[in-house]
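Student: I am new to this structure. Please take me through it closely, starting with the ligand.

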Amino acid sequence: MPKMTGSEAIVRSLIEHGVDTVFGLPGAQTYGFFDALYKYRDKIRMITSRHEQGSAYMAFGYAQSTGRPGVFCVVPGPGILNASAALNTAWGTNTPVLGVVGQIPSDFIGKGRGQLHEMPDQLKTLRSIVKWSERIGDGREASDIVNTAFDKIVSGRPGPATVEMAMDVMMREIDAPISKAGKARRRPKPKAADIDAAAKLILKAKRPMIMVGGGAQHASAEVLRLAELLDAPVTAFRRGRGIIPDDHDLGMNSAAAYELWNDTDLLIGIGSRLELQYMRWAKSAAYVQAPKAPPHIIRIDIDPKEMTRLKPHVGIVADSIDGATALADAIESRAKRIPNARKRIADAKASARAEYEAQVQPEVAYLDVIRDVMPRDSFFVEELSQMGFTSYYAYPVYQPRTYVTTGFPGTLGFGFQTALGVKAANPDRAVVSVTGDGGFMFGVQEMATAVQENLAVVTLVFNNGGFGNVRRDQSTQFKGRVIGSELHTPDFTALAKSFGMAAKRVTSPEELGPALQRALKTDKPALIEISLERGSEATPWPFIMPAGFGR
Ligand SMILES: Cc1ncc(C[n+]2csc(CCOP(=O)(O)OP(=O)(O)O)c2C)c(N)n1
């Protein structure tokens with residue numbers, strides 16, 4: 001067997017799994033790993049971030065935009081803790097991310113002597129925040145443990161995992177077997193009794209609605225087949241956007257779908273937590289575990305625990321493809337198209353559009369311009385901002401995986417860093433990061449990464465001189481007691497130029513269109529700052545949480 005270091009055993013296993021990019025930030029405990037990356041630099045591209053949160057969010061962007069695992073490597077203790085917000089985002093959005101983490105010298109682990117980067121119990125801490133975490137105590141185990149890690153992050157409900165290795169184990173030479181990748185993805189078969197029960201409910205329904213989430217991103221064709229058998233509208237909140245294009249007759253954004261909600265007698269959730277229906281459209285803080293009909297609820301989810309978190313009337317534990325196919329097969333010969341359904345959908349879409357166009361300005365005007373310029377297959381990376389919230393419904397999405405989101409973790413600042421990973425994974429497709437000034441400052445240093453690696457993301461910074469959402473809440477709900485939300489901001493265009501980026505400032509949607517077009521054409525990282533007057537954006541929230549927060 002050939003001699004190699006423990007680190008090399010990990011890197012060769014990553015290659016076995018088809019990994020072509022590793023994001024990271026090196027340090028003493030990962031020198032061995034980076035040296036192995038050097039050896040295999042013709043197979044794996046290494047992209048260095050300027051902060052570990054950037055490394056992990058880039059891996060997250062890579063994974064969410066492709067569906068393939070994203071990989072990052074950081075030092076232990078402060079390095080992995082810096083990356084932990086992104087691990088939380090990957091957990092919350094079921095995104096397959098693998099963190100390779102260094103560890104202090106093996107003899108010192110758990111001794112509390114205060115080795116560089118030591119933390120109380122790294123493995124236990126990580127196990128409490130990711131789907132699966134393991135230590136590779138011997139390089140000869142590396143290949144098997146990496147295989148298990150990949151199996152964990154893509155099987156069942158996908159999610160993040162970490163593997164850690166002590167710095168001495170990383171450097172130690174071993175005779176290592178590299179076992180082949182590729183355990184089959186486990187897919188539970190839908191139970192016939194559940195399919196029968198669901199088919200009965202479907203055949204009785206007069207006004208069904210389908211809600212898709214991130215768990216159906218790979219199941220466009222199967223979801224569409226089911227929807228077309230019934231002429232049922234298909235909606236999504238964030239992670240499920242693009243599965244059915246917004247301009248398809250049956251595709252509806254969430255604001256439009258709300259107009260049909262009161263009449264809905266059957267909700268079919270596919271790979272979705274149904275956050276929209278039971279925590280946004282219903283009062284957000286009201287905890288209801290088992291909603292009463294109407295509407296009846298059918299859920300297809302690969303995670304059996306989901307069926308107890310929000311109890312459906314019929315639960316189908318299956319992959320979205322298998323569940324939707326089984327349902328379609330079961331009803332195909334008996335399903336009747338619902339008369340007038342397509343007209344009702346078209347009317348609701350037009351009426352919702354007219355309402356938010358009238359009420360949510362200037363956000364909708366800016367989003368229209370962006371959509372107009374960006375190609376159909378381009379990626380839109382949202383942010384926690386006025387533009388990002390409005391984009392949940394007012395930015396049409398046409399293809400799976402092209403709307404990249406932080407989901408319920410809601411991590412301010414994830415956007416720009418994530419967009420760089422999206423671009424690294426999709427160099428031939430356009431990527432726009434749409435962010436507020438507050439969120440952009442979380443990852444501002446990664447402009448250096450963008451320039452160094454020529455990650456041609458176009459970043460739109462909507463500068464309203466504050467944490468605008470917080471400022472509005474304080475003004476309206478706390479009688480104007482504004483605290484901690486007014487911000488001094490830099491001259492973003494000058495800042496971007498100082499990093500070597502092209503940059504421009506605009507002040508209207510009319511100016512943004514040509515500026516965005518030009519920026520896309522250069523195929524280089526670019527920033528456009530949009531100056532807004534403080535407090536000038538109308539609230540996007542009535543179209544997301546019509547019932548408000550509260551019980
Ligand atoms: C990590 C994290 N910290 C704090 C928040 C709370 N938060 C939500 S929106 C927001 C303000 C966002 O400001 P900005 O990025 O400038 O966008 P704007 O609302 O002004 O459009 C804050 C602080 C959060 N979501 N995530």
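Student: Which residue has a polar backbone atom 2.8 Å from an oxygen atom of the ligand?

Tutor: That residue is Gly438. Keep in mind that this is a predicted model: local features need pLDDT of at least 70, side-chain atom pairs count only at pLDDT 80 or more, and totals for chains, interfaces and linings use all residues. Residues are numbered from 1 along each chain as its sequence is written, and side-chain values use heavy atoms, with hydrogens and water left out.

Stay with the ligand. There are 15 residues around it, each with a heavy atom within 4 Å. Gly438, Gly439, Asn464, Gly466 and Gly468 come nearest. Backbone atoms take part here. A polar backbone atom of Leu412 is 3.1 Å from a nitrogen atom of the ligand. A ligand oxygen atom lies 3.0 Å from a backbone N or O atom of Asn469.

Next, look at strand S7, residues 161-166. Strands are DSSP runs of E with at least two residues, helices are runs of H or I with at least four, and both are numbered from the N terminus. In S7, 6 of the 6 residues are buried, so the strand is largely enclosed by the rest of the structure. Buried means under 20% relative accessible area, with a 1.4 Å probe and protein chains only. In a regular strand the side chains alternate between the two faces of the sheet. One side of S7 holds Ala161, Val163 and Met165, and the other holds Thr162, Glu164 and Ala166. Both faces are covered.

S7 has partners. Strands pair if DSSP finds at least two bridges between them. Strand S5 (residues 97-103) runs parallel to S7, joined by 6 bridges. Val100 pairs with Val163, and Val101 stands opposite Glu164. Strand S6 (residues 132-135) is also parallel to S7, with 4 bridges. There, Trp132 faces Ala161. From S6 the chain passes through helix H6 (residues 142-154) to S7, in a right-handed β-α-β crossover. Right-handed means that, with the strands pointing away from the viewer, the path from the first strand over the helix to the second runs clockwise.

Now S5 itself. 7 of its 7 residues are buried. Val97, Gly99, Val101 and Gln103 lie on one side, while Leu98, Val100 and Gly102 lie on the other. Strand S4 (residues 70-74) joins S5 through 5 bridges, again in parallel. The bridge partner of Val74 in S5 is Val101. S4, helix H4 (residues 78-92) and S5 make a right-handed β-α-β unit.

Turn to the largest nonpolar core, which has 90 residues. Such a core is a set of buried Ala, Val, Leu, Ile, Met, Phe, Trp, Tyr and Cys residues joined through side-chain atoms within 4.5 Å. Ile210, Val223, Ile370, Leu460, Leu512 and Ile528 touch the most other members. Helix H15 (residues 363-373) gives the most to this core, with 6 residues. A second, separate core has 43 residues, among them Ala56, Phe440, Ala450 and Phe492.

Finish at Asp322, in helix H13 (residues 320-331). Asp322 is buried, with a relative accessible area of 15%. Its side chain makes a polar contact of 2.7 Å with the side chain of Arg187. A polar contact is a pair of N or O atoms within 3.5 Å; within protein, one must be able to donate a hydrogen and the other to accept it, and residues adjacent in sequence count only if both atoms are side-chain atoms.

Notes
Buried < 20%, exposed > 50% of the residue type's maximum accessible area, 1.4 Å probe, protein only.
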